[in-house]
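Reader: Hello! Could you take me on a close look at the aromatic rings in this model, and then at what surrounds them?

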Amino acid sequence: MIIVDRALAERAARNKPIRVGLIGAGFQAAGVALQIIRSTPGMTVAAIAARRPDQARACYAQAGVESAGVTNDRRVLEDAIRAGRPMVTEDHAGLAGAAGLDAIVELTGSIDYALEAILAAFSAGKHVLTMNAELDGLVGPLLKVRAGQAGVIYSLSDGDQPGVQMNLFRFVKGIGAQPLLCGNIKGLHDPYRNPATQAAFAAKWGQNPAMVASFADGTKIAFEQAAVANATGMRVARRGMLGPDFSGGEPDAPLTPINQAAEAFAPHLDPARPGLVDYVVGASPAPGVFVLAMHDDARQRRYLDLYKMGKGPIYCFYRPYHLCHFETPGAVARAVLFHDAVLAPAGAPRVGVIAQAKKPLAAGEIIDGLGGFCLYGVAENMEAIMAEDLLPIALAEGARLARPIARDQALTMADVEIPRGRLVDAFYREQQAFFVGRG
């Protein structure tokens, strides 16, 4: 937030706040609205789009704004934005394209719905920040191209682990070290978790059980690390990543310090090859992030030793926390005021997230959504995905199985009948065609 805080203070002093439109009104959206409204001078939540207007109004109300109106009329919405009157709408694409907004923050975790809003924002010349690693891990590279064509920023948010990893990656490069691995720290990984097993935890924190299940079953971390890989040019060491588990499968086991846990990756690190993305389970600080990096200057290694980083040549840099919605306003300001993305794909996709079966699946069965009862996602290099025609898990919801699938089997595109008429399928095919020969 250094520099950004002063730039926002200057906008506040001029009474010219950054006007933000939120797409979504769930758990994270409520946090972002609260953070902007109560703690971010120089920025305002001008409007919120949600399928349920009552949820969007609740986002405003819990931040002390009781006067939000409701409209699906584009002209009324734009008049309210100009006048500084908070507004709620069910028209997500209409809000994304509405005049008067500086940026859109997409917070739905959906696929087609989110894609419609993001493309509408690009068409209207709006910067887009998102916490949607699922959509980014599927079609982020082409979204970055579209944003560039529109002259705007497309970026994942700060605060989420991918963005925090990217900040650390940039810092490590800035001190002259070579990043070899970008890592995520998990407390639990069980690919067979589902909305029923995670219902109590979700209820305790007011979250969606399927979303919580996607954290536990590894799907979310696969998407997060795919996003980092596509932003840095890194790869995965193997399908599903290495994921050393220091907990012994026990969530309450003592945590291993991350600089010790990171030693498990040493045999897989090669400075002459692209770096890796990966994760650990049962390490501290949790849920933080880390970067393993090498410094080849003996004089600088002596300084690093003095500064308690060890003798090298490989060092573990880490950040012990990530604060999700607390850090989103800074990401918005970076995009609007400095044209800087926290994290965005750097070119052709390097890593994707494929579907594997949580249980035996029968022919004719309809696949449920991310974090459901049918599938879990694992990260895989794009070369393998293309060569084996593997099914991206973000395309799987609603698909009908053409044949039986064994538990833990990776699905191919030929194993399913994809629903017709979805925007994302056409966009995914366009991405594949666009990057042919560009990888």
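Author: Happy to! Let us start with F435, which is buried, with a relative accessible area of 11% (buried means under 20% relative accessible area, exposed over 50% and partly exposed in between, using a 1.4 Å probe and protein chains only). This is a predicted model, in which local features need pLDDT of at least 70 and side-chain atom pairs count only at pLDDT 80 or more, while totals for chains, interfaces and linings use all residues. Residues are numbered from 1 along each chain as its sequence is written, and side-chain values use heavy atoms, with hydrogens and water left out.

Across the whole structure, a search finds 6 aromatic pairs (rings of Phe, Tyr and Trp, the last by its six-membered ring, pair if their centres lie within 6.5 Å; planes under 30 degrees apart count as stacked, over 60 as edge-to-face and the rest as tilted). One of them joins F171 and F317: the ring centres are 6.4 Å apart and the planes meet at 75°, so this pair is edge-to-face. Because F171 lies in helix α8 (residues 161–174) and F317 in strand β13 (residues 314–319), the pair ties together parts that are 146 residues apart in sequence (helices, H or I of at least four residues, and strands, E of at least two, are DSSP runs numbered from the N terminus). F171 is partly exposed, at 46% relative accessible area, whereas F317 is buried, at 8%.

F434 counts as partly exposed, with 27% relative accessibility.

Rings also meet charges here. R51 lies over the face of Y113, 3.8 Å from the ring centre, and R407 lies over the face of Y192, also at 3.8 Å from the ring centre (a charge sits over a ring if NZ of Lys or CZ of Arg is within 6 Å of the ring centre and within 35 degrees of the ring normal).
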